[in-house]
Amino acid sequence: MKKSFSQNQGFYTLLGGLSFFYLLIIWTTEFLPMQDLPQHLFQTLAYTLKGSDHPWTDLYDIGVVFGPYSFFYYFTSFAYSILGDMLLAGKLYVSFCFLGFVLLALSASELNKKRGSLWPILLILPIFFNQTYFLGFTGYILGVPISLYLLLEYYKILIEKKEVTKTLHTLLILGHILVFLSHPHPFAIYLFLVSILLLWSYFKKNKSLLLFLYPVISGISFIIWFYLKGNPASHLQPFSSLFRWWPFKQNLFYLLQFFTGMKISENLDFISIFFWSLTFLAPLYFILKKERIKNHLRLIFFVVFSFFLFLYFLAPIYIYPTYTYVNTRLAPFVYLAFVLFLSQIKSNKFTSAATVLASFYFAFFNFFVHRGVSKEISEIKESFEALPKGSTFLPLLFSSDSKFLDSSFFFQTHTHVHYYYHIQTQDGVSFALFKNPLQAVKFKNPTKTLPAPERGLYFSWRRHGELYPYILVRYPTEHFYRTKPIHFKEVKRSGPWHVFERL
């Protein structure tokens, strides 16, 4: 018998309450624990100030390339023009991305009104705070939930004969635009899977020209964009050198760290391991021992999960000419597909209670991680006081990891936090930019830029230090102090951050 909303009121109330709590985490955290976010916010600020008489326009070539990656810049620039605060604009964007996961959960719950269980769908929410979130892949964290939402909606329309209203048409159109403008990886995954779904539907004589057109137009647009703006590898490059794979163990540990509290090399969070194991294994035991009801959707979700898992271990992490994290970006798809599979298993009181308790624990775990990493980031703020407005300084990091995240995979957590100086002062010059042609800010003349070593290990006083009036250092080493020229004086210390001025 079809479940009514009132019968499932407990689930929807808890979904709403947890969603509100997670949004509260985002808005009450001073600095979000997202590695690349500060540099992206700086680029948005430069893009927003482009029309004014700002010194950045003399140094940087500023402009958003329409296509994948661009939605973040458009959204945060518009939000900044209203809020007047770039940190708030960033939080509004991250909140928007999180609501994509809420939308995915609501879409999945609609499938479960006739089958399965609603409670595992609550696990979709903490999956938002996966590795790609902490790495600060701003476009990707939006593309993942919207692409899966579109796939679920197409399944419901084509296979389960869901009525297509004007509202749903609008959501489908907006969804395709958002995925296209967010990131090419989830967009390509979506196009591949929806093509299979559309072909299946076509041979079953379920035809809707308009619904077929949305993915087709999107795919053609993507091909045109890639041809005009993409950066394909040169045919002169040896084929074997175009790719790089991680060892199996490294791939496995990267995938598993999400279940061990984002720490897998040491200091594992055994409570996280317990709750994830309980919420995953208990329903599987239930299906193996008790449930004999056929569920075609459960089989489909298992096949999709297996596909993502296989692709995760098979795909390379590197494709020339950029380090693109091809396979590791599939991790959230693996997690979400498995949760959708679990949601198609009938639950009992024990599995339901375990999932609810786990959902509460994961919410508070993310609260403490956000608070901890944000406190680490805030240690840099006092250092900015020693840097005059408009300063040119070298950010130098001998250690940039966080004690709250695994140092094997998150060894650059604090690499970009110095960009908060530029965001705070709306001034200053940085030479430590991403080398990506699709970023909003690029050097006008790269040959005339000052060298900026990526890590303290590569720093040389003669090659780098003498070119800057200020050096902002995180955890300077004994060798750094021992080789420091006498005309450089330490003028400020703030936690692990030290400011040196050339006299």
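Predicted model: local features only at pLDDT ≥ 70, side-chain atom pairs only at ≥ 80, totals over all residues.

Me: How far is Phe270 from Tyr155, in sequence and in space?
Reply: Phe270 and Tyr155 are 115 residues apart in sequence, and their C-alpha atoms are 37 Å apart in space.

Me: Why is Phe341 called buried?
Reply: Phe341 belongs to helix α15. Its relative accessibility is 8%. Buried means under 20%, therefore Phe341 counts as buried.

Me: Which residues does Phe341 touch, leaving out those up to four places away in sequence?
Reply: Phe341 touches Leu284, Arg298, Phe301 and Phe302. Between Phe341 and Val304 the C-alpha distance is 9.0 Å, with 37 residues separating the two in sequence.

Me: Why is Ser77 called buried?
Reply: Ser77 is in helix α4, residues 70-83. At 13% relative accessibility against a limit of under 20%, Ser77 counts as buried. Not counting residues up to four places away in sequence, Ser77 touches Thr44, Tyr47 and Thr48.

Me: What makes Leu450 count as buried, partly exposed or exposed?
Reply: Leu450 is placed in the loop between β5 (441-443) and β6. Its relative accessibility is 23%. Buried would need under 20% and exposed over 50%, so Leu450 counts as partly exposed.

Me: Which residues are in contact with Leu450 beyond four places in sequence?
Reply: Leu450 touches Thr392, Phe431, Leu467 and Tyr468. For Leu450 and Tyr468, 18 residues apart along the chain, the C-alpha atoms are separated by 8.5 Å.

Me: What is said about phi of Tyr69?
Reply: Phi of Tyr69 is near 85°, which is a positive value in a residue other than glycine. Tyr69 sits in the loop between β1 (60-62) and α4. With 25% relative accessibility, between the limits of 20% and 50%, Tyr69 counts as partly exposed.

Me: What is phi of Tyr475, and where is Tyr475 found?
Reply: Tyr475 is not a glycine, yet its phi is positive, about 55°. Tyr475 is found in the loop between β6 (470-474) and α18 (478-483). At 44% relative accessibility, Tyr475 counts as partly exposed, because exposed requires over 50%.

Me: Why is α1 called roughly parallel to α16?
Reply: The axes of helix α1 (residues 9-28) and helix α16 (residues 349-378) come within 10 Å and cross at roughly 10°. Angles under 35 degrees count as roughly parallel, which makes α1 roughly parallel to α16.

Me: Which residues of α1 meet α16?
Reply: From α1, these are Leu14, Leu18, Phe21, Tyr22 and Ile25. Their partners in α16 include Val356, Phe360, Phe364 and His370. By class, this contact has 11 nonpolar, 3 polar and no charged residues.

Me: Why is α12 called oblique to α14?
Reply: The axes of α12 and α14 come within 10 Å and cross at roughly 135°. Roughly perpendicular ends at 115 degrees and roughly antiparallel needs over 145, so α12 is oblique to α14. The contact is made by Phe248, Asn251, Leu252, Tyr254 and Leu255 of α12 with Leu309, Tyr312 and Phe313 of α14. Its residues are 7 nonpolar, 1 polar and no charged.

Me: How do you know on which side of α12 the buried residues lie?
Reply: Helix α12 (residues 248-256) has Asn251, Tyr254 and Leu255 as its buried residues. They cover an arc of only 95° around the axis, which puts them on the same side of α12. What covers them includes α7 (131-134), α14 (296-314) and α15 (331-342).

Me: How confident is the predictor in the protein?
Reply: The average pLDDT is 89, and 92% of the residues score at least 70. Over residues 1-6 the pLDDT stays under 50, and the model has 8 contacts beyond four places in sequence for them. Residues 232-236 are also below 50, with 4 contacts beyond near neighbours in sequence.

How values were computed:
Residues numbered from 1 in each chain as written. Heavy atoms only, no water. pLDDT = per-residue confidence, 0-100. Contact = heavy atoms within 4.5 Å. Buried < 20%, exposed > 50% of the residue type's maximum accessible area, 1.4 Å probe, protein only. Helix = DSSP H or I, 4+ residues; strand = E, 2+ residues; numbered from the N terminus. Arc of directions from axis to C-beta. Axes fitted to C-alpha atoms, helices over the stretch in contact; angles between N-to-C directions. Parallel < 35°, antiparallel > 145°, perpendicular 65-115°, else oblique. Nonpolar A, V, L, I, M, F, W, Y, C, P; charged D, E, K, R; others polar.
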